[in-house]
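Please examine the sequence and the structure shown below. The report that follows discusses selected contacts between side chains.

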Amino acid sequence: MSEEPSNSSSAGELAVAGDVLPANLYIIPLFERPFFPAQAQPIIIDEEPWLETIEAIGEAPQQVAGLLLMSGDPGEEPGVRHFAAMGTIVRMHDPKHNDGRVHFIAEGLQRFRVVRWLSDKPPYLAQVEYPEEQKPEESDELRAYAMALINTIRELIPLNPLYSEELKHFLKRFSPNEPSLLADFAATLSTAPKKDLQAALDATDVLERLEKVLLLTKKELDVVKLQSQIRERVEEQMSEQQRRFFLREQLKVIQQELGISKDDRTADLDIFRERLEGLELTEPAQERIDSEMDKLSVLETGSPEYAVTRNYLDVITSLPWGKCSKDKLDLKRAREILDRDHDGLEDVKDRIIEFLAVGATRGEVAGSILLLVGPPGVGKTSIGRSVADALGRQFYRFSVGGMRDEAEIKGHRRTYIGAMPGKFIQAIREVKVANPVIMLDEIDKVGASYHGDPASALLEVLDPEQNSEFLDHYLDVRFDLSKTLFICTANQLDTIPNPLLDRMENIRLSGYIAAEKLAIAEHHLWPRQLKRAGIAKSKVKLSRAALRHLIEGYAREAGVRHLEQLLGRIIRKAAVKLLEGTKTPIRVGLKEIEDYLGKPLFRDEKQLKGVGVVTGLAWTAMGGATLSVEASLIHTKNRGFKLTGKLGEVMRESAEIAYSYVSAHLREFHGDQKFFDEAFVHLHVPEGATPKDGPSAGVTMATALLSLATGKRIARPLAMTGELTLTGHVFPVGGIREKVIAARRSKIMELILPAANQRDFDELPEHIREGVTVHFAEQYKDVAQVVFGL
């Protein structure tokens, strides 16, 4: 909108001669107090919704605006009805934007009155007029009011240094002999209500204004005097408090010299009592704490017993007695968290979801102990973290591998110097809730010594019927661990005592196939290594073909830990190239893999072929593996049977059973019954430095001996496993999933398994069973029929 200028020379005393004051003004609201013409001070307003108004003012030639007091809250948008009629026109200096606000210096010019509103929303624009001041003739009354006002200001100045600064600023701009400006200046010193200040601004009659302002200034003087009196009284009290403080400190030093100071002891007791507020202690625990506090209150702080008692109270009052976090039993959310953190392991995820579903029907997950069994690097620990995340519980992990002292589990008795509670009480104390998820890593590697048997000490902790009254030797009062979810991890079950194993629900995590490793590397391992190195994804690109070659040629173990280490090596090599100025992105393909990591550690396994050579399947703590068995005729001078390959006792017995069975039934398989009567046979299992044991190679060794005796070879990729009895029955074996995965890894897609293991095979995920042909054998005759057609 256009602004029509006003050339009235009587528009106000502050307008410089020749100034043209606009007839239309942009309006800025004030909420605390009105602005007077004698003022010059900073103004701060929000950018929203006043930024457009500030910009419009800045574009105007004179950069002037109208400041009007308004009623209402600063947070609500003003309407034109809220504005006062009389305000002050100001010139805006040095506007700045900062943190969503606009700062500028407002220099008051003169009063104006709103005639008509030209805009009813921001930016507000109003048509204004500049009222003439009604200046009275010089008189004694006017002089008396002015002198009274000056004297009042003179009394105010010593009481508040800020008034002195305001006066100096005023005298630099105006003469003190001008009654109108003097009244406006005095009004700016007052902290009166904004209604009274607006009334002074509205007064165009100078004598009336002087009267109103003198009354406000007198009230201000009374208030300031009262504040001064209050401040003096407070300072007197502060001096008295300081004196008392110094006396108390002197008394404290004297008491310490005499050994009668109780301040530290009282402070400790107050802290312990404060910790107990809101906790639900058992009756024995409350009695023990009360007894120990009574003891602490009479002990000398320098005595050894004081430190022992204080440490005990510090531990027992830090425990979350009866304090539990609320479980999040949303199965959909739990599934999303498990899928987010892990690729593959669908059967394991299903088991965990089923476990949580039972907890959801009960309303809580309590009294449960899970055992995650699997090779290294398959994600046992991270599964535990995901379970805690899904439940919304605190997570605490510690390893019991190599633990030899049962005091690590049940704590030391307080009679020993440096006694501490056991790991479980320490865990509960750290997480500050009574129902965390506690993970016990490497439970299959718990040791034993003359200090005790930690595995036996775990029996109480991991028994849902007993751990509701777990007794730690240090506490010597029972603590409820029944609401804690325990998750244990192990690589194998053989070394876990049966009584301990019986208390846990087993969930087996087998190794990953190549496709699962590929997904894990793409979604988790590679991004994590890039993040650790601080390298953007766009700077290093790893091709899918290179990643597949890395998995098949360098990292064939069941887990993915070694794979992650190899990816870390690639990242480090790439980081060196980045710092050397190599053009980005650095692309890592098949060639670069061998440049970075050397020649592949594994080649495509060429299955040994020939008469007497058969491929078996084995299970190890590292996962499944293929195992070649070789049988060879040494000479025919005398009967004999030799075994090599670092075979364990059970495996040697299986070999002898296979030799006896094939020798006895050779005619049934169309062989020369006299072959073994004259032959000296050598049976070898390659990789002689690796210990091997177990009965599952029985059918494999029998097939190798039968191939040697009949002169028939296995012409196709085929692997087998199963325990052979002396009468030719094929008994079931363990580790079917790991063995099937090992066969797939070696590209063997035809297997012979014991008939009793058909259920284990059928329970495998579809992507593992896909494309695999399995023959199930109850008798060894079934094996011979599949292999040789006999």
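Phe 676 counts as buried because its relative accessibility is 2%. In this predicted model, the ring of Phe 676 pairs with that of Phe 675: the centres are 5.0 Å apart and the planes stand at 90°, so the arrangement is edge-to-face. Phe 675 is also buried, with a relative accessible area of 18%, a value to be judged against the limit of under 20% for buried residues.

The structure holds 17 aromatic pairs. One of them joins Phe 641 and Tyr 659, whose rings are stacked, with 4.3 Å from centre to centre and 15° between the planes. Phe 641 belongs to strand β20 (residues 640-644) and Tyr 659 to helix α21 (residues 649-664), so this pair ties together parts that are 18 residues apart in sequence. Phe 641 is partly exposed at 23% relative accessibility, whereas Tyr 659 is buried at 9%. Elsewhere, ring pairs link Tyr 396, Phe 398, Phe 424, Phe 470 and Phe 486 into a cluster.

Aromatic rings may also face a charged group. Arg 414 lies over the face of Tyr 312, at 3.9 Å from the ring centre. Arg 414 is moreover linked with Glu 292, Lys 295 and Glu 305 in a network of salt bridges.

The count of salt bridges comes to 34. Three of these pairs are listed in the table.

| Lys 96 | Asp 94 | 3.8 Å |

Arg 508 is partly exposed, with a relative accessible area of 37%, while Glu 738 is buried, with 3%. Lys 96, in turn, is partly exposed, with a relative accessible area of 48%.

The loop between β15 (505-508) and α17 (514-533) contains Ser 510. Ser 510 is buried, with a relative accessible area of 3%. The C-alpha atom of Ser 510 is 5.5 Å from that of Gly 374, although the two residues are 136 apart along the chain.

How many disulfides does the structure hold? The number is zero. The reason can be followed at Cys 324: the closest cysteine sulfur, in Cys 488, is 20 Å from its own sulfur, which is too far for a bond, because a disulfide requires sulfur atoms within 2.5 Å. Cys 488 is likewise in no disulfide. Cys 324 is partly exposed, with a relative accessible area of 39%, whereas Cys 488 is buried at 0% relative accessibility.

The last topic is the surface. Leu 226, Ile 230, Val 234 and Met 238 form a nonpolar patch there, and together they have about 330 Å² of accessible area. Val 234, a member of this patch, is found in helix α6 (residues 206-258). At 41% relative accessibility, Val 234 counts as partly exposed.

Note on methods
Residues numbered from 1 in each chain as written. Predicted model: local features only at pLDDT ≥ 70, side-chain atom pairs only at ≥ 80, totals over all residues. Heavy atoms only, no water. Patch = residues over 30% accessible without salt bridge, like charges linked within 9 Å, V, L, I, M, F, W, Y side chains within 5 Å. Areas by Shrake-Rupley, 256 points an atom, 1.4 Å probe, with all protein chains shown as cover. Salt bridge = Lys/Arg side-chain N within 4 Å of Asp/Glu carboxyl O. Helix = DSSP H or I, 4+ residues; strand = E, 2+ residues; numbered from the N terminus. Buried < 20%, exposed > 50% of the residue type's maximum accessible area, 1.4 Å probe, protein only. Phe/Tyr/Trp six-rings, centres within 6.5 Å; stacked < 30°, edge-to-face > 60°. Lys NZ or Arg CZ within 6 Å of the ring centre and 35° of its normal.
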